[in-house]
Amino acid sequence: MKYLDWLLMSKEKSMVPELRFPEFEKEVPWVQKKLGDKDVSYLVTEKTNRKSLDLNNYISTENMLPGYAGICAASKLPSTKKVTEFIEGDLLISNIRPYLKKVWRSNMIGGASNDILVFRSGSKVSSDFLEFLLKNDRFIKYVMQSAKGVKMPRGDKDSIQEYKVLIPSKSEQQKIADCLSSLDALIAAHRDKLDALRAHKKGLMQNLFPQEGETVPRYRFAGFEGAWEEKKLGEMTTKVGSGKTPKGGDKNYVSSGRPFVRSQNIGWGILLLEDIAFINEETHSTFLSSEIELNDVLLNITGASIGRSVIANEKIVKGNVNQHVCIIRTKNALNPVFLNQYLISQYGQRQIDSFQAGGNRQGLNFSQIRSLVIPTPPTKKEQQKIADCLASFDEVIVAQEDRIAQLQEHKRGLMQGLFPKTNG
């Protein structure tokens, strides 16, 4: 075989996906185009008046959800008189911090802020297919390569329109879009179930702890009676303190060793260990005052995640925390799981909020943490019963989150196979 023939054949193979529906296997290779080609898509420039908008159909970067998760209602309308108009089927992309993956396909008519790019499909590309070309990690990676700015990177419009895409026939486009849409629907159903579980737990917590001004909870397990007592957390702890970051920051992190827990590892009652850092034994030996023990309560005390707390398990025991995480070590009279559940309840969060000037949640100091008022049942057995009940709910929630993560990973793998790898 001549080299030129081999080269043409190799290029042709690269113009089709690894996974292809049987009815399209004999069709011609996909056609390479640019995102900004008019028959593929184009940036919408038409404007609409602010007076025609409300909080439900105005879209800005603030009310677009990360991870391709859609939108929520806006908190305010634009200050400018006119904004970009969008219609049903348009693709909206937040052009501020593109790595957050804020991409949404419109299901209505509305207006978008100037930080939103609005793409409309052209004659050769269906809106259904365009959605998955743009709600795609390959596209986000490409946008970030030409983004300008460090703290608030912004995508380059001209570069984005140069993004190379491979386009099949309209019928194959629809088949791919239908396949991925059905998977999205399944993921959405599981997210709805997760939301329902979280809402149910929240309602349960409201009734398992005494409400404001009351001395007993509305729900109580059989066999327990007597008024609860309010005590300051400092009276029931042996340690309240945080750690520090090694000099040089992440340059001193290693691939394995002592776990080093940071604020991003603390969820709402759940440890988030996907990006856990590690420090070596030498660094650990200088941080002994912040060494984690089993069943310590770890509370975020600064930043946007302030107020989140978890229980230390075997995976992080003998590790350390940084200055943004506080170790709370309880005396025998206070069940740490019970304490953790109270801290993340609306009652615990209300107290934490009260320490923040103007509700900005800037940070907690150790004195404030010790002054938190914790309602406790008359017996430790009742604490344990409540802790077990709520912890079992957390296990169900974590299992549901894992199901969603598995489906999302399956979708990522499927998209890699359903789209040729040469685009971008």
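A residue counts as buried when its relative accessible area is under 20%. The structure shown above is a predicted model, and that cut-off is applied to several of its residues below.

Beyond its neighbours up to four places away in sequence, Ser263 touches Asn300, Ser305, Asn322, His324 and Val325.

The loop between strand 13 and strand 14 also holds Ile276. Ile276 has a relative accessible area of 19%, and because the limit for burial is 20%, Ile276 is classed as buried. Setting aside residues up to four places away in sequence, the contacts of Ile276 are with Pro259, Phe260, Val261, Arg262 and Asn265. Ile276 and Ile316 are 40 residues apart along the chain, and their C-alpha atoms are separated by 9.5 Å.

Attention now turns to Ser309, which belongs to strand 16 (residues 309–311). Its relative accessible area is 0%, so Ser309 is buried.

A relative accessibility of 1% is the reason why Asp296 counts as buried. The side chains of Asp296 and Arg329 are joined by a polar contact of 2.8 Å. Not counting residues up to four places away in sequence, Asp296 touches Glu291, Val310, Ile311, Ala312, Ile327, Ile328 and Arg329. Between Asp296 and Val398 there are 20 Å in space, C-alpha to C-alpha, and the two are 102 residues apart in sequence.

Asn295 likewise has its place in the loop between helix 6 and strand 15. Whereas Asp296 is buried at 1%, Asn295 has a relative accessible area of 36% and is therefore partly exposed.

Tyr68 is found in the loop between strand 4 (58–59) and strand 5 (82–86). At a relative accessibility of 18%, Tyr68 lies under the cut-off and so counts as buried. Apart from neighbours within four places in sequence, Tyr68 is in contact with Lys101 and Val103, with Leu134, Lys135, Asn136 and Asp137, and with Ile140. Tyr68 and Ser181 are 113 residues apart in sequence, and the C-alpha to C-alpha distance between them is 13 Å.

The remaining features concern the packing of helices. Two packed helices are described by the angle between their axes and the distance between the axes. Helix 5 (residues 170–208) packs with helix 10 (residues 380–418) at an angle of about 165°, and their axes are 10 Å apart. Because that angle is over 145 degrees, helix 5 is roughly antiparallel to helix 10. The two helices cross in a left-handed sense. In the contact of helix 5 with helix 10, the residues divide into 22 nonpolar, 5 polar and 9 charged.

Helix 10 also packs with helix 7 (residues 336–343), here at an angle of about 60° and with the axes 8 Å apart. The angle of this pair makes helix 7 oblique to helix 10. The crossing of helix 7 with helix 10 is left-handed. On the side of helix 7, the residues that meet helix 10 are Val337, Phe338 and Gln341; their counterparts in helix 10 are Gln383, Ile386, Ala387, Leu390, Ala391 and Asp394. By class, this contact of helix 7 with helix 10 has 6 nonpolar, 2 polar and 1 charged residues.

Key:
Residues numbered from 1 in each chain as written. Predicted model: local features only at pLDDT ≥ 70, side-chain atom pairs only at ≥ 80, totals over all residues. Heavy atoms only, no water. Axes fitted to C-alpha atoms, helices over the stretch in contact; angles between N-to-C directions. Helix = DSSP H or I, 4+ residues; strand = E, 2+ residues; numbered from the N terminus. Parallel < 35°, antiparallel > 145°, perpendicular 65-115°, else oblique. Left-handed = near helix turned anticlockwise from the far one by under 90°. Nonpolar A, V, L, I, M, F, W, Y, C, P; charged D, E, K, R; others polar. Buried < 20%, exposed > 50% of the residue type's maximum accessible area, 1.4 Å probe, protein only. Contact = heavy atoms within 4.5 Å. Polar contact = N/O pair within 3.5 Å; in protein donor to acceptor, adjacent residues only side chain to side chain.
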